[in-house]
Structures are given as structure tokens and as C-alpha cells.
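Please read it with the coordinates open.

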Amino acid sequence: MKKIFALLLTGVMMMTIGGCSKPASAPAPAADAATQTAETKPEEAKPEEAKPAEAKQLVVGYSQLGAESEWRTACTNSVKGEAETRGIDLKFSDAQQKQENQIKAIRSFIAQKVDVIGVSPVVESGWETVFKEVKDAGIPLVLVDRKADVPEDLYVCFLGSDFKEEGKRAAEEMATLLNGKGNIVELQGTVGSSAAVERLDGFKEVIEAKYPDIKIIKSQTGDFTRAKGKEVMEAFLKSDGKNIQGLYAHNDDMAIGAIQAIEEYGLKPGEDIKIVSVDAVKGAFEAMIAGKLNVTVECNPLLGPQFFDVCESIVAGQPVEKYIPSEEGIYRQETAAADLPSRQY
Ligand code: GYE
């Protein structure tokens, strides 16, 4: 009878202690604990000693590629805001669209022995050496937003959008706007970035396969910025002017720059030249409401919560998917005014 009582008491104590300890701290097997506690008088047991030490604050290094667009600002704010909400020690670095700055930042994160490194790679190539250094230091690496062309074992996962799919969606929207016929100019994103490479591929693939009467007559980079988008559109208009029926811009900022160029040239953006771009930032909704932009394909920049979920899973030793997609949709001029109030970026 005494034995049974002791065992029952042990069970209750185990539950109490277990309630405030982390599952990761692997409680001793029940049988062992039962024997130990059965030999100890209840008043001698000190449950408070069994409390685990305060969870260590997570330290995360994040190499952001720049501040070139509205999208990027929203992405940065999402990462910084979420770190603050979760009490994560975030080491944030803005590379101003220069890969060498990103490499420097990553090396400094290694020196600081952060727990996880997040990188939004400005271009796809040239990462292998520094990523190997990260791996050798035993630090898990997460690719955020853009991809890097490296062997899969050099990073834990990629979190971001399906840029090729965005390009395909943009092509279908353009084909609808042009009734399957017309000349298009294209403003590409940063040369060599996965966002530009895949948005170009997806768009071209659909146009070539399904719409033989649509021609991409000019395609040049505007580096994802408004200023460059305007400048390159001016050049397109100078050479091809009224021969252009459609503009596909790899992001909204370049489209907004181009809209200005089209107006200065004396044409009506959204009417004389149909415009489809990518991102779905607030500026695009305003342009749609003004009738100057036709469609924006969404690319979600609010990656902070998903990014830190992944960081926390990795540190807790939980498995994570190699590709974590972000959810996105398509927004058209007709519903822009109704959609705008609920947009977060
Ligand atoms: O579309 C563009 C930004 O990599 C998805 O980069 C991102 C792109 C985004 O500059 O606006």
C-alpha cells in the first residue's frame, strides 16, 4: 500500500516538474525516476531545482540585399518587427545591392557566432566559398526571398516566392489585356538575380508557347528601381514609341517609374500601353486606382514571421521543408480601390 502511494506521489510530482520543463530537456525514463523518488522523502524533494535555466535568447544574423524598392522596405520592416516581437537578438545588415557587402556581413556573423544566418542573395552566383565557411562554422543558413546557385547541402532551406510562376501569371494577364496580339517591352530586375531570371523565363515561356502574335521587342534591366525603370522606358519610347502596346515590369517600382516616362512622352499608361508588374505594393494599387497600371501579380514581402519560425525550428532540432513557399495572388485595376484598405504593404 505504502509503495503504491509513493509511486502515485511520484507520478504527480513528475507531472508538475514536467509541466515547466522543455520537452527537449529529455526527462529521465519514468521507471528510473520512480525508483529515485520512492527512496527520497517527499519533503526533501526540491521541485524548483528541477526548473530549466531561462531559454537562451536566439541570435540571428540577417544579410538584406538592399533598399531598392517598396517591396524591400516592407520585407526589412517585417523581419525587424518580428524579431522585436519575439525578443530575438537580430544582427541586421543592408548590403546596398552589393554582393561584396553581403559576403562581409556573413563573415562578421560567423565571427559573432550567431545561431542562424538568413541571407537574401542579391544575385544567384558567387556564394559557394562563403556559404562553405558558414557550414564549417556549424551555423545553419536560410535563404530568404531570393535563391543562390549552390549545392543544396550548403543551406537548410529556401523561403520565398515562386518567381517563375509569377512570370507565367503576368504573361497570362498581359495576353488577356492585349487580346493575344501586340508588341511588348520588358523591364527586367537586377541582372543575375533569381527574381529577374525566373520572372523573365516564366513570362517568355507562356508567351512563346501560347501567344504567337505577342512579341517581346525590347528587354532591358531597370535594376528594380523607379529611377532606372523611368530611364530605360524613356529609351524604349525613343526607339519604338507608338509601336509599343504593352509593358511587363519585373516589379511595381520600375512600372511606376515607367508610367512617368510614358506620360512625359504623351501617351496614356494603362490605356495606350497596357502595364503588368509584380509585387502588389501600395504604390501599385494607387497607380491602378488612377487607371495607369492594369495588373500587379503579388509577391509577398512579409517574410519575417515565417523566417523566424524556421530559425526557431532549426535551433529546436525540428525538421524543416527544403522549400517554403509564400502565399500570393493577383490584383487587377477593377478591384484595386476595394482591395487597397486591407493591404499591409
Ligand atoms: O520583387 C523587387 C525587389 O527579390 C522578390 O526584389 C524580390 C524583388 C521584388 O527589389 O521589388
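The points below go from the overall picture to the ligand site and then to single elements.

1. Confidence. This is a predicted model. The average pLDDT is 88, and 84% of the residues score at least 70. Residues 1–45 fall below 50, and this stretch has 17 contacts beyond near neighbours in sequence. Where pLDDT is low, the predicted coordinates should not be read in detail. I would treat those contacts accordingly.

2. Overall make-up. The protein has 12 helices and 12 strands. Of its 345 residues, 48% are buried. Take the contacts between residues at least 6 apart in sequence: 75% of them join residues at least 24 apart.

3. For Arg 146, a side-chain N or O atom is 2.7 Å from an oxygen atom of the ligand. For Ser 69, the corresponding distance to a ligand oxygen is 3.0 Å. On its own the ligand has 300 Å² of accessible area, and the protein covers 100% of that.

4. Arg 146. This residue sits in the loop between β4 (141–144) and β5 (157–160). Is Arg 146 buried or exposed? Arg 146 counts as buried because its relative accessibility is 2%, against a cut-off of 20%. Its contacts beyond four places in sequence include Glu 68, Arg 72, Val 122, Phe 158, Ala 195 and Phe 224. A polar atom of the Arg 146 side chain lies 3.0 Å from the backbone oxygen of Val 122. The C-alpha atoms of Arg 146 and Ala 195 are 6.4 Å apart, though 49 residues separate them along the chain.

5. Thr 225. Where does Thr 225 lie? It is in the loop between β7 (214–221) and α8 (226–240). At the start of α8, a side-chain oxygen of Thr 225 comes to within 3.2 Å of the backbone nitrogen of Lys 228. Outside its sequence neighbours within four places, Thr 225 contacts Glu 68, Gln 97, Asp 253 and Met 254. Thr 225 and Gly 189 are 36 residues apart along the chain, with 8.3 Å between their C-alpha atoms.

6. Helix α8. The helix has 15 residues and reaches 21 Å between its end C-alpha atoms, close to the 21 Å expected. Its buried residues are Gly 229, Lys 230, Val 232, Met 233, Phe 236, Leu 237 and Asp 240. An α-helix has 3.6 residues a turn, so residues three or four places apart point the same way. The buried residues of α8 pack against β6, β7, β8 (246–249) and α9 (252–265). Just after the helix, Gly 241 takes a positive phi of about 35°.

7. Ser 219. This residue is in strand β7. Ser 219 counts as partly exposed because its relative accessibility is 35%, between the 20% and 50% cut-offs. Its side chain makes a polar contact with the side chain of Glu 186 (2.7 Å). A polar contact with the side chain of Gln 188 is also present (2.7 Å). Leu 200 and Phe 236 are also among the residues Ser 219 touches. Ser 219 and Phe 236 are 17 residues apart in sequence, and their C-alpha atoms are 9.0 Å apart.

8. Asn 183. Strand β6 (residues 182–188) holds Asn 183. Asn 183 is buried, because its relative accessible area of 16% is under 20%. Leaving out neighbours within four places, Asn 183 contacts Lys 215, Ile 217, Asn 243, Ile 244, Gln 245 and Gly 246.

9. Helix α11. The helix covers residues 304–315. Its 12 residues should span 16 Å at 1.5 Å a residue, and the end C-alpha atoms are 17 Å apart, which agrees. Buried here are Gly 304, Phe 307, Phe 308, Val 310, Cys 311, Ser 313 and Ile 314. Gly 317 follows α11 with a positive phi, near 80°.

Note on methods
Residues are numbered from 1 along each chain as its sequence is written. Side-chain values use heavy atoms; hydrogens and water are left out. Helices (H or I, at least four residues) and strands (E, at least two) are DSSP runs, numbered from the N terminus. Contact means heavy atoms within 4.5 Å. Buried means under 20% relative accessible area, exposed over 50%, partly exposed in between (1.4 Å probe, protein chains only). The expected span of a helix is 1.5 Å times one less than its number of residues. A polar contact is a pair of N or O atoms within 3.5 Å; within protein, one must be able to donate a hydrogen and the other to accept it, and residues adjacent in sequence count only if both atoms are side-chain atoms. pLDDT is the predictor's confidence in each residue, from 0 to 100. Accessible areas come from the Shrake-Rupley method with a 1.4 Å probe; for residues, only the protein chains shown count as cover.
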